[in-house]
Amino acid sequence: MIGYVTLGTSDLARAARFYDALLGELGAKRFVELDELILWGVSPNKPALGVILPFDGKPATVGNGVMVALAVDSPAKVDALHKKALELGGKDEGAPGPRGQGFYGGYFRDLDGNKLNFFTMVR
């Protein structure tokens, strides 16, 4: 059901560098690039992630309780991508590990304070 998710930023160029490096690890590339928006995806028919300057011209803010979860294929990939996010300047919001019922995730905030995680389901 999800086509894409956008995260607000007040510095599009800075956010673009962060997500180029981070999402590139998943094979994602920019497929929409406008003055106010950049979207990354692995395929045009799969969900995408974007960063956007707020339409109202006000500073970007973080939604309390809002988080974007990005699915990957293994706990090792969760570990590697969480580490990469921190190396790129992201903030740790929960080290990678099991969270119950086969869920394995690692949580972080991007450079604008948006909360994300990488996760996989293990059996």
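At what angle do helix H1 and helix H2 pack, and how far apart are their axes? The model is predicted. In this model, helix H1, which covers residues 12–24, packs against helix H2, residues 75–87, at an angle of about 160 degrees. Their axes lie 10 Å apart. Angles over 145 degrees count as roughly antiparallel, and H1 and H2 are therefore roughly antiparallel to each other. The crossing of the two helices, H1 and H2, is right-handed.

On the H1 side, the contact is made by Phe 18, Ala 21 and Leu 22. H2 contributes Leu 81, Lys 84 and Ala 85. Sorted by class, the residues in this contact of H1 with H2 comprise five nonpolar and one charged, with no polar residue.

Attention may now turn to the largest pocket. About 440 Å³ of space lies within the largest pocket. Its lining consists of 17 residues. Of these, Leu 26, Pro 47, Ala 48, Leu 70 and Ala 71 are nearest the centre of the pocket. The largest share comes from E5, which supplies four residues.

Which classes of residue make up the lining of the largest pocket? The lining has 15 nonpolar residues, together with one polar and one charged residue.

Terms used:
Residues numbered from 1 in each chain as written. Predicted model: local features only at pLDDT ≥ 70, side-chain atom pairs only at ≥ 80, totals over all residues. Heavy atoms only, no water. Axes fitted to C-alpha atoms, helices over the stretch in contact; angles between N-to-C directions. Parallel < 35°, antiparallel > 145°, perpendicular 65-115°, else oblique. Left-handed = near helix turned anticlockwise from the far one by under 90°. Contact = heavy atoms within 4.5 Å. Nonpolar A, V, L, I, M, F, W, Y, C, P; charged D, E, K, R; others polar. 1 Å grid on protein atoms, 1.4 Å probe; cavity = no way out; pocket = protein on both sides within 12 Å on 5 of 7 lines; lining within 4 Å. Points joined across faces, edges and corners; volume = space filled by probe spheres on them.
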